[in-house]
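Please look over the sequence and the model shown here. The questions that follow take the parts of the structure in turn.

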Amino acid sequence: MSDATTAPRPSLREPRNWPMFAAMFGAFAIARLPWLLQRALGRGVGWVAWRLAGSRRRAAEVNLALCFPEKDAAWRQRLLRDSFDALGVGIFEFARAWWGSIDAIRPRVHLEGVEHLHRLKAEGRGVLLVSGHFMTLEMCGRLLCDHVELAGMYRKHRNPVYEWAVKFGRLRYASAMFANEDIRASVRHLKKGGFLWYAPDQDMRGKDTVFVPFFGHTASTITATHQLARMTGCAVVPYFHRREGGDYYLKVGAPLEDFPTQDVEADTARVNQAIEQMVREAPDQYLWIHRRFKRQPGGRSDYYRS
């Protein structure tokens, strides 16, 4: 079977694997706690992270200042605290999506635009679902799999036990998980009419990138959306998701028209613009701790220096 559809478990006989196995089994147990308790614990974890993660908190502060210069400092500080609350809750959402039950959550899902996916499926056309790194991405990815067969792209983890546990969890609902360097398998999947989800909104060193705007600032952005659409003829569909209280809102947009073009920078900027619009709708749930603007055309930026 393809590596994309299996999750081989590392050996329990290797002592070096024992600490991570213990951590993962603890996470399996946490994933089964009542959802209201998980959310309360998540906010507590977010508070601790806000207090202790100094460098990442500073990165988030810089990002918010760059992206929302029109807002005052008090507004940005409130958003910063809310984003760490969402980060903490998101950790429990990830665990529940991978290894827990979502039966209690399904009745509180609001889905819009799934008809676009059904139409493209009927046409036999592959679909690249493009989203951003929101803390709801795993939970809402699993919820969307209730309605369409969906594969994902992900970055492999160095620790083999963590790699196994996460991939095992995702393959409970995703049809396949393609490592981001396995472009050939992703291309085959899209050419066969498969659906593939991924998020191109992080600075990925060593990848094909261009410098295009994001919130009015130059950001190093991977060109994979343009390249995959060009190689496969797939539709590129924006996919936005957010949480409000205990409810989840999933919005599937219409396929981007006239995409791809011959201009890789224009296409990549268009994808950034779509993700920026998503962020503006739920800014507290975006992963602001990533140093999104660390690389600039002239080299490493000074934005995140202490």
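Q: Which residues line the largest cavity?
A: This is a predicted model: local features need pLDDT of at least 70, side-chain atom pairs count only at pLDDT 80 or more, and totals for chains, interfaces and linings use all residues. Residues are numbered from 1 along each chain as its sequence is written, and side-chain values use heavy atoms, with hydrogens and water left out. On a 1 Å grid over the protein atoms alone, a cavity is a set of points where a 1.4 Å probe fits but cannot get out, and a lining residue has an atom within 4 Å of a point. The lining is Asn63, His133, Asp201, Gln202, Phe214, Tyr286, Leu287, Trp288, His290, Arg292 and Phe293.

Q: How much space lies in the largest cavity?
A: The structure holds three cavities of 30 Å³ or more. A volume is the space filled by probe spheres set on the grid points, which are joined across faces, edges and corners. For the largest cavity that space is about 70 Å³.

Q: Which residues of H3 are buried?
A: Helices (H or I, at least four residues) and strands (E, at least two) are DSSP runs, numbered from the N terminus. Helix H3 covers residues 54–67. Buried means under 20% relative accessible area, with a 1.4 Å probe and protein chains only. The buried ones are Ala59, Ala60, Val62, Asn63, Leu64, Leu66 and Cys67.

Q: What do the buried residues of H3 pack against?
A: Contact here means heavy atoms within 4.5 Å. By that test, the partners are helix H4 (73–99), strand S7 (217–222) and helix H10 (264–281).

Q: Which strands are the edge strands of the seven-stranded open sheet?
A: Two strands pair if DSSP finds at least two bridges between them. The order is S1-S9-S8-S2-S5-S3-S4, with mixed pairing. An edge strand pairs on one side only; here these are S1 (109–112) and S4 (177–179).

Q: In which sense do S3 and S4 pair, parallel or antiparallel?
A: Strands of a sheet pair through backbone hydrogen bonds, in either sense. Met153 stands opposite Phe178 in S4. S3 (residues 151–154) and S4 share three bridges, and the sense is parallel.

Q: Which residue in the turn between S6 and S7 has a positive phi?
A: S6 (residues 209–214) and S7 pair in the antiparallel sense over six bridges. Val212 has Ala219 in S7 as its bridge partner. The two strands form a hairpin with two residues between them, and the one with a phi of about 55° is Phe215.

Q: Is Trp164 buried or exposed?
A: Trp164 sits in helix H7 (residues 160–170). Leaving aside neighbours within four places in sequence, Trp164 is in contact with Ala7, Pro8, Arg9, Pro10, Phe21 and Phe28. Its relative accessible area is 10%, so Trp164 is buried.

Q: What is the relative accessible area of Gln38?
A: Gln38 lies in helix H2 (residues 35–52). Not counting residues up to four places away in sequence, Gln38 touches Ile30, Ala31, Arg32, Leu33, Phe92 and Arg96. Gln38 is buried, and its value is 0%.

Q: Which element gives the most to the lining of the second largest pocket?
A: A pocket is an open set of grid points with protein on both sides within 12 Å along at least five of seven lines. About 260 Å³ of space lies in this one. Its lining has 13 residues, and Pro238, Gly253, Ala274, Gln277 and Met278 lie nearest its centre. The top contributor, with six residues, is H10.

Methods. The expected span of a helix is 1.5 Å times one less than its number of residues. Buried means under 20% relative accessible area, exposed over 50%, partly exposed in between (1.4 Å probe, protein chains only).
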